[in-house]
Amino acid sequence: MPQPTIDSHHHLWDYNPSQYGWIDPATMGVLAHDYTFDDLCDAAGPCGLVGTVAVQAQQTLAETDQLLDIAQSNEQCLGVVGWAPLRDPEIGSVLERYRDTPNLKGLRHVVQDEPDGFMLDPAFQHGVSLLQDAGLVYDILIFGRQLREAIQLVDRFPQQPFVLDHAAKPTIRADHFDQDWANQIARLAKRPNVVCKLSGLVTEVRDPTWDVQLLRPYIELVVEAFGIDRVLFGSDWPVCLLKSSYLDWHTAVETIASGFSPPERQRFFHDNTVAAYCLDTPDAPCSA
């Protein structure tokens, strides 16, 4: 019997080249297709999937609304991390529009594509300052080189819940361990209002192939730094298809998690995501 799993990080889209310009059909052709919630359930069916969190892939309110519609019509889609214009002077009005939208659990901006200093911009920080009152998490999407700046952002808002996506995307190679990433992850993990998704790591592998042993030191370091109560399983499907099937990624993580106790496995694969996003599930109704 597979471990009941909530996938804390996946995407869905109706592919349109003009809307998903970051998908290069020449090198990322596997992504240049529609990916629906039914497709996700088919891919993750053998993995014990019982719930999911859909995450934005476009920086538009239209996509946020589309994901919320999907969550409304698919009971296994338990929450949405959308996008909103956090730097807009009218961001307060935008957030008010979503105040009675229970499936919206958080917001994200693609900071990995922004110049240095973006997270320290007063307009951006003003937007982040409104999220706690709105009951929203902020998902941090960055590369490892941006961790120092992310720590400054988190320190500015010690009561705001943050979720670090993809463990801040270390550079993974067989012949080199990303020690600077490791040092900064350890620093960030000392902030108790941050949890970390173990997702997206397979696409950060720079070698032609990967295996469990290549990923193991990165995953084990994150678990050691954050503790088992502050790490979440995620797939980053369908982006993970650039390097791995859903099943192969889940199997790799399962292999490393085999050393966890049964209660630890339950927290990692299920309960921590419920807590991080305050999800309503049949067996764990939101109490916040």
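This is a predicted model: local features need pLDDT of at least 70, side-chain atom pairs count only at pLDDT 80 or more; totals for chains, interfaces and linings use all residues.

**Talking through the model**

Q: What covers the buried residues of H8?
A: The cover includes helix H7 (179–188), strand S7 (194–198), strand S8 (231–233) and helix H9 (246–257). Helices (H or I, at least four residues) and strands (E, at least two) are DSSP runs, numbered from the N terminus. Covering here rests on contact, meaning heavy atoms within 4.5 Å.

Q: OK, which residues of H8 are buried?
A: Val-212, Leu-214, Leu-215, Tyr-218, Ile-219, Val-222, Val-223 and Phe-226. Buried means under 20% relative accessible area, exposed over 50%, and partly exposed in between (1.4 Å probe, protein chains only).

Q: What's going on at the start of H8?
A: A side-chain oxygen of Asp-211 comes to within 3.2 Å of the backbone nitrogen of Gln-213. For reference, a polar contact is a pair of N or O atoms within 3.5 Å; within protein, one must be able to donate a hydrogen and the other to accept it, and residues adjacent in sequence count only if both atoms are side-chain atoms.

Q: And what follows H8?
A: Gly-227, with a positive phi near 85 degrees.

Q: Which residues are buried in H7?
A: Trp-181, Ala-182, Gln-184, Ile-185 and Leu-188. Their cover includes helix H6 (147–156), strand S6 (162–164), S7 and H8.

Q: Switching topic: how much space lies in the largest pocket?
A: About 460 Å³. On a 1 Å grid over the protein atoms alone, a pocket is an open set of points where a 1.4 Å probe fits, with protein on both sides within 12 Å along at least five of seven lines; lining residues have an atom within 4 Å of a point. Points are joined across faces, edges and corners, and the volume is the space filled by probe spheres set on them.

Q: How many residues line the largest pocket, and which lie nearest its centre?
A: There are 22, with Trp-22, Gln-112, Leu-141, Lys-169 and Val-239 nearest the centre. The lining splits into nine nonpolar, seven polar and six charged residues. Ala, Val, Leu, Ile, Met, Phe, Trp, Tyr, Cys and Pro count as nonpolar, Asp, Glu, Lys and Arg as charged, and the others, Gly among them, as polar.

Q: Is Asp-139 buried or exposed?
A: Buried, at a relative accessible area of 0%. Asp-139 sits in strand S5 (residues 137–140).

Q: Which side chain does the side chain of Asp-139 make a polar contact with?
A: That of Tyr-277, at 2.8 Å. Beyond four places in sequence, the contacts of Asp-139 include His-9, Arg-108, His-109, Asp-165 and Lys-197.

Q: Where's Gln-58?
A: In the loop between strand S2 (49–55) and helix H2 (61–73). Gln-58 is buried at 11% relative accessible area, and its side chain has a polar contact of 2.9 Å with the side chain of Tyr-20. Not counting residues up to four places away, Gln-58 touches Gln-19, Tyr-20, Glu-63 and Trp-83.

Q: What about the backbone: which peptide bond is cis, with omega near 0 degrees?
A: The one from Trp-237 to Pro-238. Pro-238 is in the loop between S8 and H9.

Q: What's the phi of Ala-167?
A: Near 50 degrees, so positive in a non-glycine residue. Ala-167 is in the loop between S6 and H7, and it is buried at 0%.

Q: And the phi of Cys-278?
A: Near 50 degrees, also a positive value in a residue other than glycine. Cys-278 lies in the segment after helix H10 (262–277) and counts as partly exposed at 25% relative accessibility.

Notes:
Residues are numbered from 1 along each chain as its sequence is written. Side-chain values use heavy atoms; hydrogens and water are left out.
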